[in-house]
Amino acid sequence: MPVPFAADSAAEAVSVTGWGRTAPSSAQVLRPGSYEEAVRAVRECGGRGTIARGLGRAYGDAAQNAGGAVLDMTGLDRIHEIDAVNGLVVCDAGVSLHRLMQVLLPLGWFVPVSPGTRYVTVGGAIGADIHGKNHHVSGSFCRHVRAIELLTGDGETRLVTPEDEPDLFWATAGGMGLTGIVLAATVELMPVETSMMTVDTERATDLDDLMARLTAEDHRYRYSVAWIDLLARGAKTGRAVLTRGDHAPLDALPPRLRDEPLAFRPGRLPAAPRFLPDGLLGRRSVGLFNEFWYRKAPREQRGRLQRLSSFFHPLDGLPEWNRIYGRGGFVQYQFVVGHGEEEALRRIVRRIGSRRCPSFLAVLKRFGDADPGWLSFPVPGWTLALDIPAAMPGLAAFLDELDDEVAAAGGRVYLAKDARLRPDVLARMYPRLDAFRDLRTRYDPRGAITSDLARRLGV
Amino acid sequence: MKDAFGAPQSLLILGGTSEIGLATARRLITRRTRTVFLAGRPSEGLESAAESLRSIGAQVHTVAFDALDPGSHETALGKVFAEGDVDMVLLAFGVLGDQARDEQEPLAAVQVAQVNYTGAVSASLVCAAALQAQGHGSLVVLSSVAGERARRVNFIYGSSKAGLDAFCQGLADAMHGSGVHVMTVRPGFVHTRMTAGLPPAPLAATPDEVATAIELGLRRRSGTIWVPGALRVVMAGIRHLPRPLFRRLPV
Ligand SMILES: Cc1cc2nc3c(=O)[nH]c(=O)nc-3n(C[C@H](O)[C@H](O)[C@H](O)COP(=O)(O)OP(=O)(O)OC[C@H]3O[C@@H](n4cnc5c(N)ncnc54)[C@H](O)[C@@H]3O)c2cc1C
Ligand SMILES: NC(=O)c1ccc[n+]([C@@H]2O[C@H](COP(=O)([O-])OP(=O)(O)OC[C@H]3O[C@@H](n4cnc5c(N)ncnc54)[C@H](OP(=O)(O)O)[C@@H]3O)[C@@H](O)[C@H]2O)c1
């Protein structure tokens, strides 16, 4: 997709989708190679505006802008400064977390928050205020951001810090790119002694067992997540495998690994083939897979050493795995409900089970404190994420019903994964939406920054 | 914007009193559609169609539009697009004509062709350009199985639909990659006022069935759909029937 930068020549419009490959729309994709080019692209954008795009890992239409321009930020990929003493990095927004890991691990530093894939940019991490398996300890990404260089819709570039401009900063954190284009950021890092993880694995027999284990023990681990089998029903409803761990200290490594304790060695398999038959992921095959995968997990295992990449990003080993869902694409549904709303979670898990959604291992995590971002997703409680083929009959209406359950329980769905929420439900889920809209008009009177998601949801 | 399942939030129906069109609107209003523009010749029927959609919760506007006056299409439809994005255009106008009379009165036959073909060509081109400018949207065109193979009993209508159908196939290719989705709908016999009093053909459908098929086609981003789906196979057979045999078919 990358196209040379051409704000003035009318570059061909191309079709753009998110990771879920639904709802394509066409836009001029511009790839600024300097801040000046980005500024020009915003100042000179046409009536349909522009939006920043990182590596396109948001599932829905957040980084699309029909009829307008999409700024592919991966051309701004310089790491400007690394403070290896205090653990700070200053880099362009188009730098990926993968790249940061390659560069920083050998120096003994790790990104403060890592999502389920390393192929996201720093700009995308800020735009969605991403969370990782350490949310209960570290909060989401923007808590570790000291400053951002933000190009707002009025064409001005501002250095924004949480101290000096808290409103603009916390509206940008999780603001899905709608407050402006992040050009660069200063991010606080986390020290590590090795590139290995020590991991405890255990099985939970059902949802209540799982919640009890997470509640009792999560505080002992920096990282915690559970893979849950949503096709299991009856007494097995919500059975899961918990994996929790921390960065391995040097003395936990076997001697053969101690020479190069900080080496970063992600494995990589060939990409999924381009054309796959639809309906490959039927209920039967997914059910069998989930069964196999639950059985293969140890009932309980402590202190296993694992590569960082297999602990954090198992899916990155299979590039373009999103193609396995065929032409119709897929949606990811991720929601959170607060503590005290366990009954709502149980009900939703039961409903998904009885609907027989052919959903591979879904992920359940217990969030820590809420983050200050106005549209940041996490609130203290339970978050569940599942992938579903978009072609599943009745799915649209079913997810609408789940939205209502989630909203009634005071919860919300995650915009970085969304491709289908109703605008009226959005306002119920994100109480600061009005303030967010006001702020946008203040910094962007022309409405130069917009996206398909913003249009669909009336943000 | 359409969502991941192709459900539009705003809808423009050309032929705002069409029974198939209104059944589709009702169906889509239960999903995501909030704004509907009904374009048609001003009439009480058009206003009451608007009222019926308002009563189920949509914001409805009526727009004066006459297929027989292509010179006015750009202005009339341009106003709709100026109000905001249109996620889906449904081209639902059409006339069946009266075959016996039309054979006797060439000018009446010409009018069938002007509504169903020339008028549709003009309106489709205007809408396709507007959709292309906004970078997204579906243009759904009601063609007909009658265009698949001309029949003695309605070949004037059939030939106009054949022209429209061929036009849409080409337009779909022209729009490929532009973010605009063009979908040709080929219903068989549908029970509406257009067919009232005619003997129903085999595999007859209701407007609601057409609406359901359109909703599914949007989700799948289909290029062509048949309603009911079985017609795809039936018509593949009929198309290749030797002419002497075809002429004697009872349908
Ligand atoms: C396999 C997989 C696992 C995932 N796991 C997690 C997870 O565990 N936790 C989690 O929180 N998320 C997760 N995600 C979602 C992903 O982290 C977010 O969608 C992230 O925003 C993607 O970053 P990106 O660079 O691909 O951005 P894009 O997808 O290109 O854009 C996402 C949003 O960020 C905005 N944006 C991008 N760059 C900039 C910029 N320079 N300035 C301003 N705004 C910008 C865009 O406008 C858009 O709104 C996962 C996604 C995948 C595919
Ligand atoms: N019914 C079937 O069996 C069948 C089968 C296959 C395809 N189709 C096609 O499906 C479409 C809808 O049909 P329907 O069954 O819903 O019929 P319908 O209820 O009779 O609708 C026909 C529509 O066309 C409009 N129209 C006619 N002449 C017009 C003109 N000059 N300018 C603007 N609008 C005009 C009518 O508007 P007024 O109210 O102003 O007359 C009406 O809204 C048609 O294209 C038809 O050919 C129908």
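I began with A:Glu291, which forms a salt bridge with A:Arg239 in this predicted model, and I noted 2.9 Å between the closest N and O atoms. I then looked up where the partners lie: A:Glu291 is in helix α8 (residues 283-296) of chain A, while A:Arg239 is in the loop between β13 (223-228) and β14, so the pair ties together parts that are 52 residues apart in sequence.

Next I turned to A:Arg422, which forms a salt bridge with A:Asp400, and here the closest N and O atoms are 3.7 Å apart. This pair also links distant parts of the chain, with A:Arg422 in the loop between β19 (412-413) and α12 (423-429) of chain A and A:Asp400 in helix α11 (residues 395-408), 22 residues apart. I noted A:Arg422 as buried because its relative accessibility is 12%, under the 20% cut-off, and A:Asp400, with a relative accessible area of 9%, is buried as well.

The partners lie in two strands, A:Glu202 in β12 (residues 196-204) and A:Arg244 in β14 (residues 240-247) of chain A, 42 residues apart. Both A:Glu202 and A:Arg244 are buried.

Last, I searched the whole structure and found 49 salt bridges over all chains.

Technical notes
Residues are numbered from 1 along each chain as its sequence is written. Chains are lettered from A and ligands numbered from 1 in the order in which they are written. This is a predicted model: local features need pLDDT of at least 70, side-chain atom pairs count only at pLDDT 80 or more; totals for chains, interfaces and linings use all residues. Side-chain values use heavy atoms; hydrogens and water are left out. A salt bridge is a side-chain nitrogen of Lys or Arg within 4 Å of a carboxyl oxygen of Asp or Glu. Helices (H or I, at least four residues) and strands (E, at least two) are DSSP runs, numbered from the N terminus. Buried means under 20% relative accessible area, exposed over 50%, partly exposed in between (1.4 Å probe, protein chains only).
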